[in-house]
Amino acid sequence: MKKVLSIAGSDPSGGAGIQADIKTITAHKLYAMAVIVSLTAQNTTAVSGVLDCLPEFVESQIDSVLSDITPDAIKLGMLSNANIMHSVAKMLKQYNCKNIVLDPVMVATTGGRLMDDNALGVYIDELFALARVVTPNLPEASVLSGIEIKNIDDMRAAAIKISSYGCQSVLIKGGHFVGNATDLLYENGEFTEFSAIKIDTKNTHGTGCTLSSAIACNIASGLSVKDSVKNAKDYVTNALKNAIAIGHGNGPINHCWNL
């Protein structure tokens, strides 16, 4: 049984965060583990509150898992402040963790801020060098690179800049563009594009969390980053095609479409 650990925030409405990660990992028939670093009060319409765990308790959770069970891949999601980032990086280094998928969760689908503005430097300095792949969307890639992204050439420039922070590869998600959803992978100096027809649905809650978790699942199963991204994109595209009209806002995608 391959094992995937998610270190992220909780979404009580079930569409994103830890809940989305556990559903995704289970749908891939792998064993899901979870360390919750923040509680959020959110639903399909808004994020109304965030309560962060004490960094010491984050470390205790991670230590409890890693001292007993070695994950085959780790997905890092919402890390809201610098102290939590310090703690997560410290523990991942202590246990020499591999196959880390870093999803820079900065803003929720509904617009709520999920990362302190003053924590970005710590995020880059302490976590990027640990990551096998970093998966920003277009707004996140713009913030990380300092490049305003308007086209595929801008995506390429941003990917090169982000890779300079020490990660092994960068996947910039192009779902915010008008037209087809084209994601760009930069790995070992080479670019690979992954295109899919954009699904006409407002029910996109948890898309980014789900994609990064699916990538981690495929990496845990022994696939290359390129093949992992391809499979994960196919999984998310089908989850969007089968999205669920739950709630009054941006409903969740269907993590269990293949079950």
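The legends below describe close-up views of a predicted model.

**View 1. Helix α2 and its buried face.**
Helix α2 covers residues 55–66, which is 12 residues. From its first C-alpha to its last, α2 reaches 16 Å, close to the 16 Å expected at 1.5 Å a residue. The buried residues of α2 are P55, V58, E59, Q61, I62, V65 and L66. Because these buried residues fall within an arc of 160° when seen down the axis of α2, they line one face of the helix. An α-helix has 3.6 residues a turn, so residues three or four places apart point the same way.

**View 2**

**View 3. The pairing of α2 with α3.**
Two packed helices are described by the angle between their axes and the distance between the axes. For α2 and α3, the axes come within 9 Å and cross at roughly 25°. With angles under 35 degrees counted as roughly parallel, this makes α2 roughly parallel to α3. The crossing in which α2 passes α3 is right-handed. On the α2 side, the contact is made by P55, V58, E59, I62, D63 and L66. On the α3 side, N83, I84, S87, V88, K90, M91 and Q94 take part.

V50 is found in strand β3, which runs over residues 47–52. Its relative accessibility is 39%, so V50 counts as partly exposed. Leaving aside neighbours within four places in sequence, V50 is in contact with S38, L39, T40, M78 and L114. One of these contacts, S38, is 12 residues from V50 in sequence, and the two are 6.8 Å apart in space, C-alpha to C-alpha.

D154 is found in helix α6, which runs over residues 152–163. Buried means under 20% relative accessible area, and D154, at 19% relative accessibility, therefore counts as buried. Leaving aside neighbours within four places in sequence, D154 is in contact with I147, E148 and I149. A141 lies 13 residues from D154 along the chain, and the C-alpha atoms of D154 and A141 are separated by 10 Å.

Definitions and conventions:
Residues are numbered from 1 along each chain as its sequence is written. This is a predicted model: local features need pLDDT of at least 70, side-chain atom pairs count only at pLDDT 80 or more; totals for chains, interfaces and linings use all residues. Side-chain values use heavy atoms; hydrogens and water are left out. Helices (H or I, at least four residues) and strands (E, at least two) are DSSP runs, numbered from the N terminus. The expected span of a helix is 1.5 Å times one less than its number of residues. Buried means under 20% relative accessible area, exposed over 50%, partly exposed in between (1.4 Å probe, protein chains only). The arc is that of the directions from the helix axis to the C-beta atoms. Axes are lines fitted to C-alpha atoms, for helices over the stretch in contact, and angles run from 0 to 180 degrees between N-to-C directions. Angles under 35 degrees count as roughly parallel, over 145 as roughly antiparallel, 65 to 115 as roughly perpendicular and the rest as oblique. A crossing is left-handed if the near helix is turned anticlockwise from the far one by less than a right angle, and right-handed if clockwise. Contact means heavy atoms within 4.5 Å.
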